[in-house]
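Let's walk through this model together, one chain at a time. Keep the viewer open and follow along.

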Amino acid sequence: MSDKKLKLGLYWAAGCGGCDVAVLDIDEKILDVAEVADIHFWPIAMDFKYKDVAAMDDGFLDVCFLNGAIRNSENKEVAELLRAKSKVLVALGTCACYGGVIGLANFCTREEILETAFKKTVSTDNPEGIIPQPVSEVDGCELHIPEVYEAVYKLDDFVNVDYYLPGCPPRAELIAKAIDAIVAGQLPEPGSVLLPAKTVCDECKREKKDRHVDEFKRPWELIPDEEKCLLDQGLVCMGPATRAGCGAACTNVNMPCRGCYGPAEGVIDQGAKAMSAVAVTAVSTNLAEMEKVISQVKDPAGTFYMYGLPNSLLRGRQMKEAK
Amino acid sequence: MTKEFEPRIVGILCNWCSYAGADLAGISRIKYPPNVRIVRVMCSGRVDPSFVLKAFAEGADGVLVSGCHPVDCHYIEGNYKMWARKVMLETMLQQLGIEPERFRLTWVSANEGELFKQYVTEMVDAVKKLGPFQKPVNWMTELLEHERSLGTAVQEIAAGGGVGE
């Protein structure tokens, strides 16, 4: 009986665990899932070891949902292992799909990050200045830990991904819908994003007008009008470049979109596209005035690449070689 | 033998003013460095910031965008739109570690062949001083290694690639 059930695997690489929580957020639907599927690997919730996965036959798992970006050698090794063991590999969440928030690390070198994390933060107590090494010797034994990579990568940089389900995290309904589609065998072309091709603006019910802003504001500086487009009100909203699927969850509660569902269909660089859409709201024939208004956006690269720096054209800051 | 570094500059010019200005420079036989590859667009307002980033990502050493002077835009305000993007793009490029000399927005009208020559010359000189735009060796190490291990073609930007390559 049980061998007719769908064999599921779930894994987190470099992520926060929010996607795993989103899977649990499908609530009582998880019981339906348990009826049609057996979970064979889910480190955050159940006790499995990597060797259990290694012992599986290739293609043993029907579907594997992998969330989190690739940050270190462990992430890559397990991603490759799960790719071999899975018939269908789904990149779950924005980190796996596009690099996610942790992709912002690509503005710094690995050395800068390790220095800050292990030596410079206020709460760090590390008088000997020890930075963890991939291999170290303790009492005559060699200890190995995963090697932190130079940069943050998205999952499909290293393995073939069959489907993408972005979101930070993806809404539970979307995960439930994806599982339904898998059970029913109604999946689209491999390589597809399991979300609508439209943009967040399409799902956002606010009234959009021919806009001109003479001041950019940050969300805490005003209580926005609930009917009007947030861009029209001088807020930096990434809706025009961001994929729909969330039901405009943020703009519905008066917060601008920050782009967590990744680029809309046909957008090759979400940050550049969103920046373009936002910058032109400040268009004026007075160039000096326009410059003043636009420079009110203090951190454009960090703002517009908040969820997708490793997926952008340049993938991160271009580092000068060490002097 | 070491060849002098010849930068590859992508020039994105608007149909109505700057492309005609470059054309005028040509038919007037004005001499300027041959380092600029020109792409004609209908309006500088058509230039998406991702065009500029794509040029850099695919090996350009500099990007020159040129449109009609303010007030002259064939489509009324396309050049203002590009100016708005340019202001934000300059900050973004700086955050992404790209020197400011590598990107420039200029205004060149259809009768300013000389000015086009001047801008191209200035830009080529500035970028020559900076050297090639290339990703340093330690950048994306793991990805490059992975691609090599697969035997797929790795897009590596040849240092100092010359004009006419």
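A word on terms before we start: helices (H or I, at least four residues) and strands (E, at least two) are DSSP runs, numbered from the N terminus. What we have here is a predicted model, so local features need pLDDT of at least 70 and side-chain atom pairs count only at pLDDT 80 or more, while totals for chains, interfaces and linings use all residues. Residues are numbered from 1 along each chain as its sequence is written, chains are lettered from A and ligands numbered from 1 in the order in which they are written, and side-chain values use heavy atoms, with hydrogens and water left out.

Start with chain B. Reading from the N terminus, its elements go β-α-β-α-β-α-β-α-α, which gives 5 helices and 4 strands. Of its 165 residues, 51% count as buried, where buried means under 20% relative accessible area, exposed means over 50%, and partly exposed is in between (1.4 Å probe, protein chains only). Now take contacts, meaning heavy atoms within 4.5 Å. In chain B, 80% of the contacts with a separation of 6 or more are between residues 24 or more positions apart.

For a look inside, zoom in on G11(B), which sits in strand β1 of chain B. This glycine counts as buried because its relative accessibility is 0%. Leaving aside residues up to four places away in sequence, G11(B) touches V36(B), R37(B), I38(B), V39(B) and L64(B). V52(B) is 41 residues from G11(B) in sequence, and their C-alpha atoms are 9.8 Å apart in space.

Next, the cysteines. A disulfide is a covalent bond between the sulfur atoms of two cysteines. Which residues does the disulfide join? They are C17(B) and C68(B), with an S to S distance of 2.5 Å. The pair ties together distant parts of the chain, 51 residues apart: C17(B) is in the loop between β1 (9-14) and α1 (18-27) of chain B, and C68(B) is in the loop between β3 (62-67) and α3 (78-95) of chain B. The torsion about their S-S bond is about 100°, so the disulfide is right-handed. Both C17(B) and C68(B) are buried.

C229(A) is in no disulfide, and the nearest cysteine sulfur, from C201(A), is 6.4 Å away. With 7% relative accessibility, C229(A) counts as buried. C43(B) is in no disulfide either; for this residue the nearest cysteine sulfur belongs to C73(B), 3.9 Å away. C43(B) also counts as buried, at 9% relative accessibility.

Over to chain A, which has 12 helices and 10 strands. Its radius of gyration is 22 Å, close to the 20 Å that the globule rule gives for 323 residues, so chain A is as compact as a globular protein of that length. (The radius is taken over C-alpha atoms, and the rule is 2.2 Å times the number of residues to the power 0.38.) Along the principal axes, its C-alpha atoms fill a box of roughly 65 × 55 × 30 Å. Buried residues account for 50% of the chain, and the accessible surface is about 15800 Å², 53% of it from carbon and sulfur atoms. Among contacts in chain A between residues at least 6 apart in sequence, 73% link residues at least 24 apart.

Most residues other than glycine have a negative phi, and most peptide bonds are trans. The bond from C168(A) to P169(A) is cis, with omega near -10°, and P169(A) lies in the loop between β9 (163-165) and α7 (172-184) of chain A. A248(A), not a glycine, has a positive phi of about 55°. You'll find A248(A) in the loop between α8 (200-203) and α9 (249-252) of chain A. Is A248(A) buried or exposed? A248(A) is buried, with a relative accessible area of 1%. V71(B) also has a positive phi, near 80°, and lies in the loop between β3 and α3 of chain B. At 67% relative accessibility, V71(B) counts as exposed.

Key. Disulfide = S-S within 2.5 Å. Areas by Shrake-Rupley, 256 points an atom, 1.4 Å probe, with all protein chains shown as cover.
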